[in-house]
Amino acid sequence: MGKVGAVAIIGAGIAGIQSALDLADGGFKVYLIDSKTTIGGRMAQLDKTFPTLDCAMCIVSPKLVEASRHPNIDLILYSDVTSVSGTEGNFKLKLLKKARYVEEDKCTGCGICVEKCPSKVPDEYNAGLSKRKAIYLAFPQAVPRVMTIDAAHCLYLTKEKCGVCKKVCAAGAVNYEQKDREIELDVGSIILATGFTPFDPLLLKQYKPTHPDVITSMQFERILSASGPTQGHVLRPSDGKAPKYIGFIQCIGSRNPHIGRSRCSSVCCMQAIKEAIIAREHDPNLDITIFNIDIRAFGKGFEEFYSRAKKEFGIKFITSRPPEVQVDSAGKMFVRYEDLNEGKIKNMPLDLVVLSVGLDPSPETKKLASMLGLDLDEFGNVTSLIDHPLETNAPGIHACGVVQGPKDIPDTVAQGSGAAAKASALLATERGTLIKEKIYPKEKAIPEQPRIGVMVCHCGINIGGVVNVPAVVEYAKTLPNVVHSEEAIYACSKDNQEKIITLIQEKNLNRFVVASCTPRTHEQLFQNTLKDAALNPYLFEFANIREHCSWVHMNEKEKATQKAKDIVRMGVAKSNLLAPLSTSKVPVTQTALVIGGGIAGMTCALDIANNGFPVFLVEKEEKLGGLLRHVTSLEDGRRSSDIITPLIRNVMSHPRIQVFTGTQLAELKGYVGNFEGTLDTKGTKHEIKFGVAVIATGANELVPSGYYNYGARNIITQLNLENALENGFEKPPENVVMIQCAGARVPERPYCSRTCCVEAVKNAIRIKKETKASVYVLYRDMRTYGVWEKLYREASSLGVVFLRYSEEKPPVVKDSTVTVHDLLIGDDIEIEADLIVLSAPMVAPASNVELAKLFKVPMDKNGFFLEAHAKLRPVEFATTGVLLCGTAQAPKLIDEGIAQASGAAAKACVLLSKVEMETDAMIAVVDEKLCIGCGTCVKVCPFNAPQLIEVEVNAEEVVYLAKKSRINPAMCKGCGSCAASCPTGAISPRGFTAPQIKAAVRAFSGIVEVPS
Amino acid sequence: MSESTVPQAKTNGWEPKIVAFCCNWCSYGGADSAGMGRFQQPASTRIIRVMCSGRIDPLHVFNAFLEGADAVLVTGCHIGDCHYVNGNDKTKIKYKYLESVVQQLGIEKERLQLNWISASEGEKFANFIRDVTEQIKKLGPSPLKPEGVV
Ligand code: FES
């Protein structure tokens, strides 16, 4: 029997959504299943994301809309999987779709039923802090926008009373007779992405979780959110007053073996810091303390965020875990903690306590695991191996996101893409067999006369809290050719996309302007909406009144409103001159180039090749293997050769992978789909052609010269230690001292290198097991995050001594004596060491600079490559067709690098799966009548797009030959440099023509000219 | 001819009006980052987005002055970072020419400024706007400002 070219994804949070989009874009049918009424998962509940403080809803909302609109994705919601049979390639799933008591195809989401419903229920979306109705929409931007009746609380369904929703529903969507329904699906592969559920603090009575002013971090997230129960005002639940003293208690339901939760949840420290910063932004008078065991700020940009919290926002961090929350006789809350500076036990009164609750596996994971025959580890995560983080013990079933172990959003997204690569490799032969092309309605011809629609977005209170949105709406109505203007709470929500389509159709609009956030994130969403409305997408214009206005003039409401009007006027002025643009198709070289033959590069190359596409794998060293060649043991106790040897073998023997060692990319030209490069193998040149490139150039261990006497004979790095542990010490040590953060988290290298704590405890355990030596680890924060907390416990139980030092008083190394000011004891300790091991950070290779130049991709301050978006595009560059993975992006553990590599492979396969791709519509065109053939454009263009050709000119009575410029649409990138240099104004870059820019400039002073 | 609602006060509390040309990939992103980081700045500036600073035609800059801009900012990616290889190098050349013309027209040099701002430099963007606004406030309205435009 053949395989089925469809994949079932169970869990529609950000991991599942990402998998679904990559698979669907790559030519597979996807069933996206969730037991909830909506997609979006936990991310949709967040206010902002760390460390960039992006508005979570703003970045996830376009993904929700994209998933729900995708022709190859079927959303199967409010449904539970009841049975699974079959094997890899051919699974049969049975599901039970619960009755919503609302017909999905009839409900318009108008919300009148919700208004009239008399029954109130605690609102899960606001973590129980407010009430919703028995008929409800999970949250305002919920996708799909269909109501659901909560059968347990509906008066009609429980007592046959009321029935008001049915009466008021003009669409006739309410159906009390609706029954649960069975669904059967045939799929080739299954991806499990069931995420987590926040730990329930009721298990820890000592923290008084039932006290109204003791809330969870999830509840605080909702309080901070503009769409939350207090509209973003920091108010305590008991009396609705603003608190002054807020205390976060970390590790509630994490790092606590007494309640069966010994793992670290990985994200709570950053979540607490983020919430503390946002709270301070809302109310600068707040006094906030975060009680913690260690602050685990280990991800890209996290350490810098943590220092900002301390320095800029005055947030206090106390290393102490209060044992309980107490209430005094006057009813005031306080916590008892240990002040290490003074060596005293103290009380701190608090108005609001936030319990930083950990991530528990979601309840359905266990059920599904037994149904699917999956092993779970001691923490309840789906078991996987370091070298196969996305694969389960059951062939054809993959896992991604928090179900596989606690992790943050970018790691979850990378895994989501990665799982897609694994599933698509399995079903590569079935690519394209079950999909439909998205067919947009035929574009209608537009009349000369512009008819412009304007939508002004409140963005919750992000814009509306500063800019007088109704006034801007009214103002827009006065502008020439604007025939309709209205406001929206969230212009990007799905219902508003439908609204825009209806407006365009009903009011016969032929231009649309949205005044909201930035085109850099949301332009495409609205352009697609125009396409759905049978309008050319380039008849859309953005007016950025959030990033460029409400957010930067928060205390000048009137000026901000005036500026918003100006911005809208300029947008409308330009939109008057917009014209429909069309694209053309160019062939794609369906081959990838992967640069870097370490674990990430090799994994990525294999995944792409297993998806059916040829790969050039280029490594500058003579051998494949990268940094891992210098590591000898893995966190799970295996040898690193156990994973690297088979990987190299698979890469070398793969028929579709061509390996070039001792080789560098010397030259590059072209663009996505059509790159041409020159490889240089010690002087021998190879010309190659490829469609996408992946940068996986890895990182090196810092040579810690200048730190702790490095260079002396008894001082080595962790990598040196790995080698000695494998091949024997010159002289077996008796006293080993490890110094963490040697050259990291310092002003010259402010980042945390993420892996060194895990590396150190791994090696400390090995020393303990293999020798008789004593081991001391001097640390600032032990960042053994996630499941690797178990190594920290193991090391402690084996007698490894952990001593905490502070940034201000680092250890001092003199000959063989290490003096450390131990924070717990509050005194200096001298240790005689015969071996000092420095945990030095990973650093970016200097050669990144060259590669960045070749590909025109950015690097961050620390020399690592900078991804397109810190949260949702972790493996892509802003430049299409160029991807990244592994430690080239930032330091990370092996399994994390592998997951990213698979993620980058998924992105590569999406592009490579098409024989031809569409060119940009926004390219430059030449008006031959005006062109004088001077050739300036040819000289100016870096892409060789314009060429001079000889044409016959027929001017009145004379016919003569003349040179004219022609621009190749496949090579033009639309930068417009040629137009700015053309002496006769013959070149127009579409979308940014001279008249369009001129119109915006004119409108700046108040005049909107209408096209003649 | 103007429909602006800003009161006609050219002395006290007068706010300059500034046009900033920003490239899509860097300085426009920098302005976005300023927003994301909530870096507050005077409400003096109106941004015109182009794909690359190389698109900025000197004519657009003159136009902005003729429409009443008190200052015009030409911004783009840092040299070497242009998304289109070297658009900003070309901007630099055109800018030299612009500077000389602006001088000949007798406009103070502060009214035309060039700055390279990356997509992550939100604070730099905000500081730049604040500094320019301060400088222009001292200079007062542009001599090229047409009658009736504030
Ligand atoms: S893209 Fe920014 S200057 Fe060219």
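In the predicted model, a total of 10 cavities of 30 Å³ or more is found, and the largest cavity holds about 330 Å³ of space. The largest cavity is lined by 22 residues, and those closest to its centre are A:Glu541, A:Phe542, B:Ile47, B:Ile48 and B:Arg49. Among the secondary-structure elements, two or more residues of this lining are given by α13 (519-532), β28 (540-544), α15 (557-576) and α25 (994-1004) of chain A, and likewise by β2 (45-50) of chain B.

Buried positions in α3(B) are B:Gly87, B:Asn88, B:Lys90, B:Thr91, B:Lys94, B:Tyr95, B:Leu98, B:Val101 and B:Val102. Because these buried residues fall within an arc of 140° when α3(B) is viewed down its axis, they line one face of the helix. The cover over the buried residues of α3(B) includes elements from both chains, namely α23 (936-940) and α24 (977-981) of chain A, together with α2 (58-66), β3 (71-76) and β4 (112-116) of chain B. On the face turned away from the buried side, α3(B) carries the exposed residues B:Ile93, B:Lys96, B:Gln103 and B:Gln104. Following the helix is B:Gly106, which has a positive phi, near 80°.

In chain A, helix α20 (residues 789-797) has buried residues at A:Glu789, A:Leu791, A:Tyr792 and A:Ala795. The arc that they cover around the axis is only 160°, and they therefore lie on the same side of α20(A). Among the elements that cover the buried residues of α20(A) are α19 (756-770), β40 (774-779) and β41 (801-804) of chain A. Just after α20(A), a positive phi of about 95° is adopted by A:Gly799.

A further position considered in chain A is A:Ser225, which is situated in the loop that runs between α6 (217-224) and β16 (245-252). With a relative accessible area of 4%, which is under the 20% that marks a buried residue, A:Ser225 is classed as buried. When neighbours within four places in sequence are left aside, the contacts of A:Ser225 are with A:Asp47, A:Gln231 and A:Gly232.

Definitions and conventions:
Residues numbered from 1 in each chain as written. Chains lettered and ligands numbered in written order. Predicted model: local features only at pLDDT ≥ 70, side-chain atom pairs only at ≥ 80, totals over all residues. Heavy atoms only, no water. 1 Å grid on protein atoms, 1.4 Å probe; cavity = no way out; pocket = protein on both sides within 12 Å on 5 of 7 lines; lining within 4 Å. Points joined across faces, edges and corners; volume = space filled by probe spheres on them. Helix = DSSP H or I, 4+ residues; strand = E, 2+ residues; numbered from the N terminus. Buried < 20%, exposed > 50% of the residue type's maximum accessible area, 1.4 Å probe, protein only. Arc of directions from axis to C-beta. Contact = heavy atoms within 4.5 Å.
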